[in-house]
Amino acid sequence: EFRVATMPVIRKSNKLINVCYDIRGPVLQEAKRLEEEGHRILKLNIGNPAPWGFEAPEEIVQDVILNLPSAQGYCDSKGLFSARKAVMQETQRKGIRNVTIEDIYIGNGVSELIVMAMQGLLNDNDEMLIPAPDYPLWTAAVSLAGGNPVHYVCDEQSDWFPDIDDIRSKITDRTKGLVIINPNNPTGALYPPELLQQIVDLAREHKLILFADEIYDKILYDGAEHTSLASLADDVLCITFNGLSKTYRAAGFRSGWLIVSGPKHQARDYIEGLDMLASMRLCANVPAQHAIQTALGGYQSINELIVPGGRLYDQMDSAWRQINEIPGVSCVRPKAAMYLFPKLDPAMYPIKNDEKMVLDLLQQQKVLVVQGSGFNMPDTQHFRVVFLPRKDDLHDAIGRLADFLRHYQQ
Ligand code: PLP
């Protein structure tokens, strides 16, 4: 007689219960299903430049190819000397003082380093202040580490700047740190030095660690300039993140770095924790680290893409104009990064469930965007558009969005 063993249901760990990452969530699964059925989906959902023809600078690709034979072994847990040296020089260009090679960690993308930075710091129920909307990995990483993400408001009426009073009102004796994503994903905001100074003052006053995710620091429009938070925070512990994925269009290389600056002597124990976590995963992908030195010190081809006549600028400008022409849709002009975060007027489009709206758009018009709630936006009136596809595709996709909204009711 054939007997089927009854297996108990296998569940994910409790650690994952509150973890959420919607950018690659259920709507993407539906898009994959539609593609398998033979539909062409216009994907405005992921900030991955290379597949859209924004290829990495040839010289950094060559670096990886040339060094591949000598990149077979593990390297130092914190990364290759040449890569860290180049990041150190970059801190000098950005005005971040007192950074030595020991303060730099190379990781498999900023993503890995965000998770490490949170795992190494947080105890159960420690609080971390995170922007709303945010790049949702931050919220997920805090939850995974057992911490409580506490979201502060970024105000759409004020160029999506962080609301300092709101941050202040949410600081408790459990607050360990404050995350600043500047330039911001998903809003495209860029914060001026005066605002950053207020943030540093707040962190100093309340003894918070600053976490500055600056991965879009060189993707700037309309003459905007970026100031590194750490350059204003000599006396506040600051952890700065950056990498090759966006400016250098090499997201698939999985290469990023973390810089510790400020009063490091006060953070010896935390730094020991970071060293431990870096050692546990042995080292980051070695071949890709060979690209870092030339990326940072080489020809900055991103600068050609972000000025009028450059592909990224022109796509930003035309997509932004076209979106704002849709009745009941408004969008703050991005100063940086590769995203639009438009708002649907609630009087015209009272959306109860923005994930459903995005799913309906996908099914009806074959256009894929990400709902605002996927970025921990507290309302359901927003969605994110990636303006990496070519102008014709963007124009087509936003046209379809307009058609969709014309009849949409929820
Ligand atoms: N931080 C922000 C703000 C991002 O938008 C992204 C990717 O979209 C990342 C970090 C992740 O970057 P990486 O490819 O280096 O893991």
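These legends accompany close-up views of a predicted model. Residue numbers start from 1 along each chain as its sequence is written. Because the model is predicted, local features need pLDDT of at least 70 and side-chain atom pairs count only at pLDDT 80 or more, while totals for chains, interfaces and linings use all residues.

View 1. The domain assignment, which is automatic or taken from a database, gives domain 1 (14-54 + 304-407) and domain 2 (58-297). Their centres, taken over C-alpha atoms, are separated by 26 Å. Here 32 residues of domain 1 are in contact with 31 residues of domain 2; contact means that C-beta atoms, placed from the backbone, lie within 7 Å. On the domain 1 side, helix H12 (311-325) and S11 are the elements that give two or more residues. Helices (H or I, at least four residues) and strands (E, at least two) are DSSP runs numbered from the N terminus. By class, this side of domain 1 has 21 nonpolar, six polar and five charged residues; Ala, Val, Leu, Ile, Met, Phe, Trp, Tyr, Cys and Pro count as nonpolar, Asp, Glu, Lys and Arg as charged, and the others, Gly among them, as polar.

View 2. Follow the order S2-S9-S8-S7-S6-S3-S4-S5, with mixed pairing; strands pair if DSSP finds at least two bridges between them. Strands S2 (104-107) and S5 (161-162) are the edges: each has a single partner strand, so one side of each is left without a neighbour in the sheet. S4 (residues 148-155) and S5 run antiparallel, joined by two bridges, and Cys154 faces Pro162 of S5. Helix H5 (residues 137-144) packs on the sheet and touches S3 (127-132), S4 and S6 (175-181), its direction making about 165° with that of S3. Angles run from 0 to 180 degrees between N-to-C directions, with axes fitted to C-alpha atoms, for helices over the stretch in contact.

**View 3. Three strands make an open antiparallel sheet.** The order is S11-S15-S14. Strands S11 (339-340) and S14 (370-371) stand at the edges with a single partner each, so one side of each has no neighbour in the sheet. S14 pairs with S15 (residues 383-386) in the antiparallel sense over two bridges, and Val370 has Arg384 as its bridge partner in S15.

**View 4. Gln409 follows helix H14.** Gln409 lies in the segment after H14 (391-407). Gln409 is exposed, because 6 other C-beta atoms lie within 10 Å, and exposed means 12 or fewer.

Terms used: Buried ≥ 20, exposed ≤ 12 C-beta atoms within 10 Å, placed from the backbone. Contact = placed C-beta atoms within 7 Å.
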